[in-house]
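Visitor: Hi, can you walk me through this one? Please keep it quick.

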Amino acid sequence: MPVTPEQQAEIDAQRAMRHQTARATVPGMEAHLYEAKPVLDHGFIRVIDYMGDDNAITQAARVSYGKGTKSVQNDEGLIRYLMRHWHSTPFEMCEIKLHVKLPVFVARQWIRHRTANVNEYSARYSILDREFYIPAPEHLAAQSVINNQGRGEALQGDEAARVLEFLKADSNRAYDHYEEMISEDGQQGLARELARMNLPANIYTQWYWKVDLHNLFHFLRLRADSHAQYEIRVYADAICDVVKDWVPFAYGAFEDYRMGGAQLSGRGVECLRRMLSGEEVTQETSGMSKGEWREFMAIAKPN
Ligand SMILES: Cc1cc2nc3c(=O)[nH]c(=O)nc-3n(C[C@H](O)[C@H](O)[C@H](O)COP(=O)(O)OP(=O)(O)OC[C@H]3O[C@@H](n4cnc5c(N)ncnc54)[C@H](O)[C@@H]3O)c2cc1C
């Protein structure tokens, strides 16, 4: 269960509260505030707070560029210009604070993004819940044969059932032992900070994660991408759904230039020009490695 009835009551109370403010607020974002959006089997993301909007980005840009921004008349055009030219600091004027519940192995990938502020649930201080990520059958995939860092077709039949059984039984057995070790019934009870070490990486943890929009876009570029592991990608996708309601112009520019756009090397640009002028260019004549060529062709001539 992503949120308990007590947590839901707390969320409802937070959502019912109203404060008067002279600060800029965004109706689309106000609608998301505090609400837990389910991700995976027990996880969620929820917006705890935010600062800034599309206007905060253009305001900051107009301070730094002064009269130079006059040539770009509207806010959307200016935001697209900033994104296109990698002028990132105006995007740092917006911030978001999320409460995230996620499996530990997803948290390990997530925490690699160092440009954020984090406070995690303490398993030294508190007892972790018996909540483990068990993939849905369609996500119980075999090892990919073409990508060591990827997965292939979903497991079927007996193999799928056996793997699911391992995952469930191992998680529960580890948790039973965790509970037994910390129990103070007729024994001293092992410290929580030590007992937790036998828990598997699919147990859920929680944290508050605060990040500015520039670094959030960097995170989303990498983690909402098809190369990211499914289990972190679904969190990134859920965050994208929030961000598009928060800063629609900035998100639109991000989608266009970063998610939908492509980056070419100098050789790539040269090859593209040769191809456009009618020349038959091959990997051998391109000056690119096989890997580079494959990635280049996926941009230049998909399928
Ligand atoms: C598909 C995928 C596969 C991956 N596989 C692996 C793997 O096999 N093994 C592994 O270890 N990691 C792996 N990673 C993690 C990856 O290498 C990065 O650590 C992670 O994506 C965070 O990126 P970042 O450092 O750019 O982000 P952040 O830490 O958020 O930093 C954002 C930007 O800030 C700047 N910055 C931050 N800190 C510093 C610093 N100390 N010095 C200089 N500049 C800084 C950099 O410009 C950086 O790009 C993988 C990531 C992805 C998306």
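Guide: One term to start: two strands pair if DSSP finds at least two bridges between them. Helices (H or I, at least four residues) and strands (E, at least two) are DSSP runs, numbered from the N terminus. This is a predicted model, where local features need pLDDT of at least 70, side-chain atom pairs count only at pLDDT 80 or more, and totals for chains, interfaces and linings use all residues. Residues are numbered from 1 along each chain as its sequence is written.

Visitor: Okay. How many helices and strands are in the protein?

Guide: The protein has 13 helices and seven strands. Its C-alpha trace spans about 80 × 60 × 30 Å along the principal axes.

Visitor: In what order do the strands of the open sheet come?

Guide: Five strands form the open sheet, in the order E1-E2-E3-E7-E4. The pairing is antiparallel.

Visitor: Which strands stand at the edges?

Guide: Strand E1 (37-39) and strand E4 (117-120). Each has a single partner strand, so one side of each is left without a neighbour in the sheet. From one strand to the next, the twist averages 25°. Angles like this run from 0 to 180 degrees between N-to-C directions, and axes are lines fitted to C-alpha atoms, for helices over the stretch in contact.

Visitor: Over how many bridges do E1 and E2 pair?

Guide: Three bridges, in the antiparallel sense. E2 covers residues 43-51. Val39 stands opposite Gly43 in E2.

Visitor: And how many bridges join E3 to E7?

Guide: Nine, and those two run antiparallel. Leu98 has Trp209 in E7 as its bridge partner. On to E4: four bridges join E4 to E7, again antiparallel. There, Asn119 is paired with Tyr208 in E7.

Visitor: Now helices. Which strands does H8 lie across?

Guide: Helix H8 (residues 213-223) lies across strand E3 (95-103) and strand E7 (204-212). H8 runs at about 130° to E7. Helix H9 (residues 230-246) packs on the sheet too, touching E1, E2 and E3. The direction of H9 makes about 35° with that of E2. Touching means contact: C-beta atoms, placed from the backbone, lie within 7 Å.

Visitor: New topic. Which residues does UniProt list for "binding site"?

Guide: The unreviewed UniProt entry lists Thr89, Arg112, His113, Arg114, Glu120, Asp212, Leu213, His214 and His218. They span 130 residues in sequence, and the farthest two C-alpha atoms are 27.5 Å apart, so they do not all gather at one spot. UniProt positions are in the numbering used here, feature names are shortened, and annotations may be inferred rather than shown by experiment.

Visitor: Take Asp212. Buried or exposed?

Guide: Buried, with 21 other C-beta atoms within 10 Å. The rule: 20 or more other C-beta atoms within 10 Å of its own is buried, 12 or fewer is exposed, and in between is partly exposed, with C-beta atoms placed from the backbone. Asp212 is in strand E7. Leaving out residues up to four places away in sequence, Asp212 touches Glu92, Cys94 and Glu95.

Visitor: And where does Leu213 lie?

Guide: In helix H8. Leu213 is buried, with 27 other C-beta atoms within 10 Å. Not counting residues up to four places away in sequence, Leu213 touches Phe91, Glu92, Cys94, Val247 and Ala250.

Visitor: Where does UniProt place the "active site"?

Guide: The unreviewed entry puts that feature at Arg223. Arg223 is found in helix H8. Arg223 is buried, with 23 other C-beta atoms within 10 Å. Beyond residues up to four places away in sequence, Arg223 touches Ala228, Ile232, Arg233 and Ala236.

Visitor: Which residues surround the ligand?

Guide: Arg112, His113, Arg114, Thr115, Asn215, His218, Leu222, His227 and Ala228 surround the ligand. A residue is near a molecule or strand if its C-beta atom, placed from the backbone, lies within 6 Å of it.

Visitor: One more. Asp245: buried, exposed or partly exposed?

Guide: Partly exposed, with 16 other C-beta atoms within 10 Å. Asp245 lies in helix H9. Not counting residues up to four places away in sequence, Asp245 touches Gly28, Met29 and His32.

Visitor: And what share of the protein is buried?

Guide: Buried residues make up 23% of the 303 residues.

Key. Two residues are in contact if their C-beta atoms, placed from the backbone, lie within 7 Å.
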